[in-house]
Each structure stands twice: as structure tokens, then as C-alpha cells.
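Work through the exercises below with the sequence and the coordinates open. Each task is followed by its solution in steps.

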Amino acid sequence: MSDQGNNTGKKPGFIRRTWSTLWSPTSAFSLGALLFGGFLAGILFWGGFHWSLELTNTEEFCVSCHEMERNFEEYTETIHYNNRSGVRATCPDCHVPKQWQHKIKAKILASKDLYHTVMGTIDTEEKYEEHRLSMASASWVKMKKSDSRECRNCHKFTYMDFTVQENRAAAQHQLALDEGKTCIDCHQGIAHRLPADYLKAYEDVTAELEGEIVVPENPGQDVATAGSEIKGYLASN
């Protein structure tokens, strides 16, 4: 077809000329220069993308929306914000996964918040309270399905010394370990106020997800006993 166009003396169209340029060897740059340029462009693109992504993983970004100010106020009244150790868990620590594949999925799903911001779904106190239960249920479902993944970024049964915990806490943690429970099963309101009748709603969520949740295997050794064994070993050596 190109030969026919040349024979008729007609100039090739823009699309054809662009296509030909893209696939024609260049005399201006060496293959090495092109590869290096592509590599450098890839680094700049990836760096810019990662930098932009991390900007959305800051507490300042999380509370930049009017709707999230209420969430933040509730969070400041909890132990995750202010405690004797001085270690804080910020909004991204609890709501943004660390693993890349889960993080990107969470970011994509979070884009729906833009729609709700525009529509003013929870822009008043009354609307917020009206949707509190549905928002809490959505978080419970996510955490049940992920085995409280974001909680376990900081809290792991294998790192707990039950011998220095309060008796009630140690007993509950041991029970959770034995029965394969996940963090959210006992700590639904750890960072935000709970909606009315939340226990019934959580039972409904659990029943609905029954069969979908894979219960973690019991490690097979009592963690409290393991802690005592370690203390005994250190004391005798």
C-alpha cells in the first residue's frame, strides 16, 4: 500500500508517517542511548508514582477531608493515639496494608470515597451516625477476611509474653490463640466509637462470612509457657 502511495506521488497520512517513524531504525541515537533513556525514564516514572502514593499514606492526607475530621477526633481519645509507651498507630498504619498487592487494591477501593465526598454522604453529624454501622461493618468484613492483617503489623501472639499481661488479657489472648480467633473478634471499637447494637451486627457479619474465613492453625505450644521457658533459660545462663 505504501508503494502505491509513493507511485501516485501522494504524501502518506499522519498516522502512517507516525507508525513508520516509530518502527524505523534511528540514526541519531545508538541502541545503548535509547536503552539508557528508557531505563532513566522508568526510574523517574516509578519514583514519581511511589512518591505520589506515599503522600496519600500520611495522617495529614487522611484528615484533609472534612468527613474524616470526626474519625480523627474519635481516634485521638484512644490508646492508639496517646499511651504510656509513646508509640502511635496512625491512620495509615491501620487502614493501609504494607504489602504492595494489598496496598494497591486498598487504594483502588478507597477511590469510592471521592464519590461519597462529592455526594455528601456523611458530611453532617446526623448522616455520619446514620452510616456508622454500615461503615463499621465494612471494616469488620475486611479485617475478618484478612485475619486482621494491619493489626498484626504491630501485634503478634508469638511476640506476647502472657506472664506479664493482666490475668484477664492473658486468658483472652490464650483463648483467641487456641480457638483461632482474630484481633477484630474482640477489639471492634479499638480506634473509633462503636455503633448501637454493634454486637448483633458483628455476629451477623461473622455468620455471613462463615466458610470464607480460614482459621489459622494453632502453633501447638502455649505462648505463656514458652515465655516462662525463655525467662528460665536466661536466668540460668
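**Exercise 1: an aromatic pair**

Phe72 is partly exposed, because its relative accessible area is 23%, where buried means under 20%, exposed over 50% and partly exposed in between (1.4 Å probe, protein chains only). The model is a predicted one, in which local features need pLDDT of at least 70 and side-chain atom pairs pLDDT 80 or more, while totals for chains, interfaces and linings use all residues. Residues are numbered from 1 along each chain as its sequence is written, and side-chain values use heavy atoms, without hydrogens and water.

Task: classify the pair of Phe72 and Tyr81.

Step 1. Rings of Phe, Tyr and Trp (its six-membered ring) pair if their centres lie within 6.5 Å; planes under 30 degrees apart are stacked, over 60 edge-to-face, and the rest tilted. The structure holds eight such aromatic pairs.

Step 2. For Phe72 and Tyr81 the centres are 6.2 Å apart and the planes make 85°, an edge-to-face pair.

Step 3. Tyr81 is partly exposed, because its relative accessible area is 29%.

**Exercise 2: a pair across the chain**

Task: state the geometry of Trp140 and Tyr202, and say which helices they lie in.

Step 1. Trp140 and Tyr202 are edge-to-face, at 5.4 Å centre to centre and 80° between the planes.

Step 2. Trp140 lies in helix α9 (residues 125-145) and Tyr202 in helix α11 (residues 198-208), so the pair links distant parts of the chain, 62 residues apart; helices (H or I, at least four residues) are DSSP runs, numbered from the N terminus.

Step 3. Trp140 and Tyr202 are both buried.

**Exercise 3: a nonpolar patch**

Task: find which residues make the nonpolar surface patch.

Step 1. Patch residues have over 30% relative accessible area and no salt bridge, with nonpolar side chains (Val, Leu, Ile, Met, Phe, Trp, Tyr) joined within 5 Å. A salt bridge is a side-chain nitrogen of Lys or Arg within 4 Å of a carboxyl oxygen of Asp or Glu.

Step 2. Phe45, Trp46, Phe49 and Trp100 make a patch of about 460 Å², and ring pairs link these four residues into a cluster.

Step 3. Helix α3 (residues 31-55) gives the most, three residues, while Trp100 lies in helix α7 (residues 100-110). Trp100 counts as partly exposed because its relative accessibility is 40%.

**Exercise 4: a buried threonine**

Task: is Thr182 buried or exposed?

Step 1. Thr182 lies in the loop between α10 (167-179) and α11.

Step 2. Thr182 counts as buried, because its relative accessibility is 8%.

Methods. Patches are made of residues with over 30% relative accessible area and no salt bridge: like charges are joined within 9 Å, nonpolar side chains (Val, Leu, Ile, Met, Phe, Trp, Tyr) within 5 Å. Accessible areas come from the Shrake-Rupley method with a 1.4 Å probe; for residues, only the protein chains shown count as cover. Helices (H or I, at least four residues) and strands (E, at least two) are DSSP runs, numbered from the N terminus.
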